[in-house]
Amino acid sequence: MKNRFIISALASVAVLGLASCDDYLDINSDPNSPAISDITPSMLMPGVEMQLAATYGSDLRTIGGYLSQHYSQYFGTSNYLDFSQFQVSATRGGYVYDYAYARVLSNLKDAIEKAEESEEWGTYLACTTLRAFTFQMLIDCFGETPYSDAIDANNLTPRYDDGQTVYDGIIAELDNALSKVNGGESVCTNFLFPGDKADSWIKFANALKLRILMRESGVKDVKSQLASLIEEGNFPVEDVQFDGCFRDESGSWNPIYANDDAPGMQKNIIANLAIVGTMLQKDNEGNVIFEDGRLASYFNANEKGDFTGSISGTNFSTSNAYKAAYWCRPAIGPTSPVSLMSVAEVEFFISEYYARYGSAAEAEAHYVAAVEASFAAVEADGADDFIAQFPYDNANYKKCIGIAKWIDLAGYNSFEAWCELRRLRYPEFGAVKGSDLYDLKNDASYKPEKYKPGTLYSPISVFGQVGDGKILERFPYAEKSSSRNSNTPEFPGYTAPVFWAK
């Protein structure tokens, strides 16, 4: 991806902090290139985390934002216009694959082996959890990925495993790692839970298991596993995120800010009409009839103090009326956190579990808890107003949860929003298309009032291999893999669902 953000400064600080002065006085060794035998998980983990933060928190948040219609393309620029038209190429989507294996999974493999050798089981769980997180991310993007043969320097053509195999494998890895800890074990240097014992990682691992099991629950019977996990209830009580590790200085910014809003960078991302039109609803006379209290936390108002959303598939480059100053942008700053899992997500999954397996009252209670957690996370008022506007309905739980989760995730994790709308199939596509909302040849044709809140719409100039009324279901296999690895499968097409969405 153009202007990719690669952070190493913070990881370097962490590694340098582990070396004594005497280490640097030894002229026979290079303190910046320790021998393999001297590498510890604490040397690897911070760099792994920041590479994961860059890939998941910038590349995938950006792509997911366009595909889930949280984002649109800035006036007159075109860096992500293809994403806005529901197109992801093998090269641009392939960055996710390349960096996940080369800079995250390969280093986690070494860290896990080191932790196992020394029986550092807290560290073993932490590294295994990030490994499982990364493999799930890859399956959710590509549908299939190397797993059984992966990260083997002697095998340059690893076979691809199907998604179910990978999901089964990472659940088994998590269960194995969890069986080795009781919560009091120490964990190597890390940014996610600095200074905490293994208990924080146990909660995160359980939340990750919940996401994995719920995501596959439509195609595999995992009810008993879910029941045990939810009955235990040992989930995070705070959002799991990289927070406090980004600084307002070049090289240490939040990754998506570094790519799209830092000094000297081209701006590309603006709010989409779909999310703004759902969070800020008006009547036919333009009077506000509902405003989501989180809107100002998710997006910055435009220069006139208004919240406006643009149309997928265009950048308004020939417009006289809708120039850059007209649109609002995501409220992401240089020190904003990168979220991996939120309390609200956990509560939405639990709500869905009860809706499907027999307790409407519990489902509604957890739906309310999810909404309240989402508002609390950004210190916004209005959770009760939102619930009144989007009340829970057990007979239509997928629609209720799907739309509420899509709105929640717009503020911090648009990649997961894309995943969940593929799985739950909500929001649905409405009757209105992007071309109904704006005629590229006529500024006066921009009619945002035609948009129906809580729906998607086909982009203007939608990618032909996706087409109207459809979402892009998967990334093509990475170009570096398909051009070099004879075991890369034949691409099934952009609208072929990954295994859990079939």
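Predicted model: local features only at pLDDT ≥ 70, side-chain atom pairs only at ≥ 80, totals over all residues.

Me: Which residues of H9 are buried, and how do you know on which side of the helix they are?
Reply: Within H9, which covers residues 223–232, the buried residues are Leu226, Leu229 and Ile230. They span an arc of only 95° around the axis, so they are on the same side of H9. The other side of H9 holds the exposed residues Ser224, Glu231 and Glu232. Helix H8 (198–216) and helix H13 (343–357) are what the buried residues of H9 pack against.

Me: Why is Cys127 called buried?
Reply: The term applies under 20% relative accessible area. Cys127 has 0% relative accessibility, and therefore counts as buried. Cys127 belongs to helix H6, residues 121–142. Leaving aside residues up to four places away in sequence, Cys127 touches Met45, Leu108, Ala111 and Ile112.

Me: How far apart are Cys127 and Asp110, in sequence and in space?
Reply: They are separated by 17 residues in sequence, and their C-alpha atoms are 9.7 Å apart in space.

Me: Why are helices H3 and H5 called roughly antiparallel?
Reply: Helix H3 (residues 41–67) and helix H5 (residues 94–117) pack at an angle of about 155°. Angles over 145 degrees count as roughly antiparallel, and H3 and H5 are therefore roughly antiparallel to each other. Their axes are 9 Å apart, and H3 passes H5 in a left-handed crossing.

Me: Which residues bring H3 and H5 into contact, and of what classes are they?
Reply: From H3, the residues include Pro41, Leu44, Val48 and Asp59. Among those they meet in H5 are Tyr95, Arg103, Leu108 and Lys114. By class, this contact of H3 with H5 has 12 nonpolar, three polar and four charged residues.

Me: What is the angle between H13 and H17, and what makes them roughly parallel or antiparallel?
Reply: H13 and helix H17 (residues 414–424) pack at about 10°, and their axes are 13 Å apart. Angles under 35 degrees count as roughly parallel, so H13 is roughly parallel to H17. In this contact, Glu345, Phe349, Glu352 and Arg356 of H13 meet Glu416, Glu420, Arg423 and Leu424 of H17. By class, the contact of H13 with H17 has two nonpolar, no polar and six charged residues.

Me: How do you know whether Glu345 is buried or exposed?
Reply: Glu345 is a residue of helix H13. Its relative accessibility is 2%, and the cut-off for buried is under 20%. Glu345 therefore counts as buried. Apart from residues up to four places away in sequence, Glu345 touches Arg211, Leu409, Tyr412, Asn413 and Glu416.

Me: Why is H17 described as largely enclosed by the rest of the structure?
Reply: In H17, 11 of the 11 residues are buried, so H17 is largely enclosed by the rest of the structure. Among these buried residues are Phe415, Trp418, Cys419 and Arg422. Their cover includes H3, S1, H6, H8, H13 and helix H16 (397–409).

Me: Why is Ile151 called partly exposed?
Reply: Its relative accessible area is 23%. Ile151 sits in the loop between strand S2 (144–146) and strand S3 (160–162). Its phi is near 60°, a positive value in a residue other than glycine.

Conventions
Residues numbered from 1 in each chain as written. Heavy atoms only, no water. Buried < 20%, exposed > 50% of the residue type's maximum accessible area, 1.4 Å probe, protein only. Helix = DSSP H or I, 4+ residues; strand = E, 2+ residues; numbered from the N terminus. Arc of directions from axis to C-beta. Contact = heavy atoms within 4.5 Å. Axes fitted to C-alpha atoms, helices over the stretch in contact; angles between N-to-C directions. Parallel < 35°, antiparallel > 145°, perpendicular 65-115°, else oblique. Left-handed = near helix turned anticlockwise from the far one by under 90°. Nonpolar A, V, L, I, M, F, W, Y, C, P; charged D, E, K, R; others polar.
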